[in-house]
Amino acid sequence: MRTNEESKTVSIDWEKHWERVDEPEGARDFAEKMADRLREFIENKKIGRMVDYGCGPATTLFRLAEYFPDIVFNGYDAAASIIRKNSEKARELGLTNLSFEQDSLPNPRKSKMFDLVTCFATLHYIEDIEYAIQKLFELLNPGGYLIFNYPSAYTRKNFREDIKPDDEYRRQRFAVLLAGKNLISQRRIGEILGARPKKFYSSIKSNIYVSVRKARD
Ligand SMILES: C[S@@+](CC[C@H](N)C(=O)[O-])C[C@H]1O[C@@H](n2cnc3c(N)ncnc32)[C@H](O)[C@@H]1O
């Protein structure tokens, strides 16, 4: 069930965020580690086209596009400011297999189909999380994979302990999660997709990365 637009809890203004801020060092290091993990994953599979939703500065995609010149990579994000920066960088690097477009969850455009869809550190900001996950899964070709991390009750507990009462910025940024409006579990993910999520990346209990494969026709 879709929720009433008027009662929505919102995160920060990502458009302005990416006009002012560069990728933090910790996030870049992790994105590079994720590129290595995805490279191993992709290596023996038939992946023709991959998309990353909520790509931000797209460090992972830039790495993968360089490594796999025969795969087409797309990066989508709600913020036009980061799409502009990424597009310019891809042009400068001559990466013709990597392109970026503005697009928003929970209602992704369905103009292309993919063999691999990823979404990292982004569902945490989206209230209609179940709908978003279902829509991402719909973008897959039969036999394709959806890989993502998600906010759970453990994530919320950690964040509530971690974020100080006077830290207005983080309270706003993670408002949806702190309000408990988008918490989900592996079991629920399996139920809504009708396919079993497998652990993709070992992380702490409050930040689990899963991969879910779409059945072949
Ligand atoms: C914390 S950043 C994560 C960036 C990158 N995926 C990573 O893991 O480093 C969250 C990203 O989600 C984007 N975003 C926020 N709300 C979104 C939405 N509704 N649809 C698509 N992207 C969104 C933001 O602009 C931002 O780039």
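Reader: In which helix does Thr60 lie?

Author: The model is a predicted one. Within it, Thr60 lies in helix H3.

Reader: Is Thr60 called buried or exposed, and what makes it so?

Author: Thr60 has a relative accessible area of 9%. Buried means under 20%, so Thr60 is buried. Leaving aside neighbours within four places in sequence, Thr60 is in contact with Ala31, Met34, Ala35 and Leu38. Met113, by comparison, is 53 residues from Thr60 in sequence and 20 Å from it in space, C-alpha to C-alpha.

Reader: What is noted about the phi of Ala58, and where does Ala58 lie?

Author: Ala58 has a positive phi of about 60 degrees, although it is not a glycine. Its place is the loop between strand S1 (49-53) and helix H3 (59-67). Relative accessibility is 3% for Ala58; the limit for buried is under 20%, and therefore Ala58 counts as buried.

Reader: Ala121 also has a positive phi. Why is Ala121 called partly exposed?

Author: The phi of Ala121 is about 50 degrees, and this residue, too, is not a glycine. Ala121 is found in the loop between S4 and H5. Its relative accessibility is 44%. Buried would require under 20% and exposed over 50%; the value falls in between, so Ala121 counts as partly exposed.

Reader: How do you know that Arg156 is partly exposed?

Author: Arg156, in helix H6 (residues 153-162), has a relative accessible area of 22%. Not counting residues up to four places away in sequence, Arg156 touches Leu177, Leu178, Ala179, Gly180 and Leu183. Its C-alpha atom is separated by 21 Å from that of Gly190, 34 residues apart along the chain.

Reader: Which residues of helix H9 are buried, and against what do they pack?

Author: In H9 (residues 186-193), Ile189, Gly190, Ile192 and Leu193 are buried. The buried residues of this helix pack against helix H5 (129-138), strand S5 (140-149) and strand S7 (209-213). After H9 comes Gly194, with a positive phi near 65 degrees.

Reader: What makes Asn149 buried, and which side chains make polar contacts with it?

Author: Asn149 is found in strand S5. Its relative accessibility of 2% is set against the limit of under 20%, so Asn149 counts as buried. The side chains of Asn149 and Asn207 are joined at 2.8 Å, and those of Asn149 and Tyr209 at 3.4 Å. A polar contact is a pair of N or O atoms within 3.5 Å, so both pairs qualify on distance. Leaving aside neighbours within four places in sequence, the residues in contact with Asn149 include Cys119, Phe120, Ala121 and His124.

Reader: How many disulfides does the structure hold, and why is Cys55 in none?

Author: The structure holds zero disulfides. For Cys55, the nearest cysteine sulfur is that of Cys119, 10 Å away. A disulfide is a pair of cysteine sulfur atoms within 2.5 Å, so Cys55 is in no disulfide. Likewise, Cys119 is in no disulfide, its nearest cysteine sulfur being that of Cys55. Both count as buried because their relative accessibilities, 8% for Cys55 and 0% for Cys119, are under 20%.

Reader: Where is the cis peptide bond at Pro106, and what is its omega?

Author: The cis peptide bond joins Leu105 and Pro106, and omega is about 15 degrees. Pro106 is found in the loop between strand S3 (98-102) and strand S4 (114-119).

Reader: How many residues surround the ligand, and which polar atoms lie by it?

Author: The ligand is surrounded by 17 residues, the closest being Trp18, Gly54, Asp77, Leu105 and Phe120. A polar side-chain atom of Trp18 lies 2.9 Å from a ligand oxygen atom. A backbone N or O atom of Gly54 is 2.7 Å from a nitrogen atom of the ligand, and one of Gly56 is 3.5 Å from an oxygen atom of the ligand. The protein covers 86% of the 590 Å² of accessible area that the ligand has on its own.

Reader: What classes of residue make up the shell around the ligand?

Author: The shell has 10 nonpolar, four polar and three charged residues.

Note on methods:
Residues numbered from 1 in each chain as written. Predicted model: local features only at pLDDT ≥ 70, side-chain atom pairs only at ≥ 80, totals over all residues. Heavy atoms only, no water. Near = heavy atom within 4 Å. Polar contact = N/O pair within 3.5 Å; in protein donor to acceptor, adjacent residues only side chain to side chain. Areas by Shrake-Rupley, 256 points an atom, 1.4 Å probe, with all protein chains shown as cover. Nonpolar A, V, L, I, M, F, W, Y, C, P; charged D, E, K, R; others polar. Buried < 20%, exposed > 50% of the residue type's maximum accessible area, 1.4 Å probe, protein only. Helix = DSSP H or I, 4+ residues; strand = E, 2+ residues; numbered from the N terminus. Contact = heavy atoms within 4.5 Å.
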